Amino acid sequence: MLAHLPPPNSATTRRSPEVGDGSPDAGSSSAQTDPLMMKHSSSVSVVDSSPDLSGAEGVTKIEMKEDFGEGVEVEPGVGVERYGGQHFEHLALRNILPHSSPRPSENLEMNTVEGIPFENEHFKGKVIFKLKPPSVDDMNEPYRAHFGALNRKFELQIQGCFKQAPTGSVWLGAEIGHCDPSKGEDRMQIGFMKKTLCRIVLNTMNLMRGNTVHYSFGGDGQLPHIILPLYTSVDSFVETDSSVRPPAMGVKMFEEDEKSFKERRKSKAKDKKYELGKTYSFTLHNGNLDLYSWKVVGIPGVKAMDLESFWRDMPLRICAYETDGPFSAKHTKTSKKYLFCFELKNLNIDSEPPKQQESKR
């Protein structure tokens, strides 16, 4: 499936080993009998099985960690390509949830040809994080054709199952912040004009989405975030029973028929029930958030803007979580049960605050 080319200057690409090949984190024996752990690469034969997808059995042993990923450094360019993907030298992608796998110190691949397994106490699944650089020539082969024909900057593909049945609302979106008190409060420090522009864009989005957008600039126990109900906000959504093989992960998005898409987008997000034993496959894409260049682009009448001017050195977190209580309640740390949380950090941004110039007398 993947033509292995010489790595471009800003990325590295290597062939991924087989599951269970003896490499330290290549996979467990249970990965060979679980559809969520099956490989869809042409170099691996698909195993036909009927496993328990409830998460009650066959759970991978997880290394216990007490922190939320803070204080863990990921060096530029560090990472082993086991899933046919690539790393970009100025970006680090990692799973940051405690009590979960992969480890927070592991720099995850992007643009993989198969899903990277992850697991925590609430959710078990696989992820593909797809990122488009300025030149598609810097991408591995399957993604050159995929992104070359699309006006998208990134895509997220998730497939997995719940290990605990949600009882509240399930959200998907983005947060920013260090979650490290030593670095100060996680709050967007932007001027009046930029904040006004942000409010206009967010309020317009909220009207288009049926007043389901939840956002904050930070403070009052909340991280800066833009979050929407998962079920109605994703660009494709497929739900399969345990007796049905879930759709294959890879370069292409999951396919959803047009009727299902329209009905889902018009439905009430609060009425959606997620069940144990079912597999949920969904994708999200965006053409305005250029994460490779760390800019906001393509907004009519607005020039490209550096994300650093909004977020400073704070990393981005693509996440999904469950909240109980009123739909409009604040999303504080104690109110969220994370299904996944992947942090993307720009390593070129100086983490030190700018020095204040002495006033002239």
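**First stop: serine 281**

Select serine 281, which is found in strand E11, residues 279-286. Helices (H or I, at least four residues) and strands (E, at least two) are DSSP runs, numbered from the N terminus. Before continuing, note that this is a predicted model, in which local features need pLDDT of at least 70 and side-chain atom pairs count only at pLDDT 80 or more, while totals for chains, interfaces and linings use all residues. Residues are numbered from 1 along each chain as its sequence is written, and side-chain values use heavy atoms, with hydrogens and water left out.

Is serine 281 buried or exposed? Its relative accessibility is 0%, so serine 281 counts as buried. Buried means under 20% relative accessible area, exposed over 50%, and partly exposed in between (1.4 Å probe, protein chains only).

Now display the side chain of glutamine 159: a polar contact of 2.9 Å joins it to the side chain of serine 281. A polar contact is a pair of N or O atoms within 3.5 Å; within protein, one must be able to donate a hydrogen and the other to accept it, and residues adjacent in sequence count only if both atoms are side-chain atoms. Leaving aside neighbours within four places in sequence, the residues in contact with serine 281 include Ile158, Ser236, Val238 and Phe254. Contact means heavy atoms within 4.5 Å.

**Second stop: strand E10**

E10 and E11 pair in the antiparallel sense over five bridges; two strands pair if DSSP finds at least two bridges between them. Within this pairing, valine 238 stands opposite serine 281 in E11. Strands of a sheet pair through backbone hydrogen bonds, either parallel or antiparallel.

A search of the whole structure finds 18 aromatic pairs. One of them is formed by phenylalanine 162 and tyrosine 280, edge-to-face, with 5.6 Å centre to centre and 75 degrees between the planes. Rings of Phe, Tyr and Trp (its six-membered ring) pair if their centres lie within 6.5 Å; planes under 30 degrees apart count as stacked, over 60 as edge-to-face and the rest as tilted. This pair links distant parts of the chain, as phenylalanine 162 is in strand E6 (residues 154-162) and tyrosine 280 in strand E11, 118 residues apart. Phenylalanine 162 is buried at 3% relative accessibility, and tyrosine 280 is buried at 1%.

Move to asparagine 120, in the loop between strand E4 (116-119) and strand E5 (123-131). Asparagine 120 is buried, with a relative accessible area of 3%. A polar atom of its side chain lies 2.7 Å from the backbone oxygen of leucine 339.

Next, select serine 101. The C-alpha atoms of asparagine 120 and serine 101 are separated by 6.7 Å, although the two residues are 19 residues apart along the chain. The peptide bond from serine 101 to proline 102 is cis, with omega near 0 degrees. Proline 102 lies in the loop between strand E3 (91-95) and E4.

Select E12, E13 and E14, which form an open sheet in the order E12-E13-E14 with antiparallel pairing. Strand E12 (289-290) and strand E14 (305-306) stand at the edges with a single partner strand each, so one side of each is left without a neighbour in the sheet. Valine 296 stands opposite methionine 305 in E14.

Finally, select tryptophan 294, in the loop between E12 and E13. Its phi is near 60 degrees, a positive value in a residue other than glycine. Tryptophan 294 is buried, with a relative accessible area of 3%.
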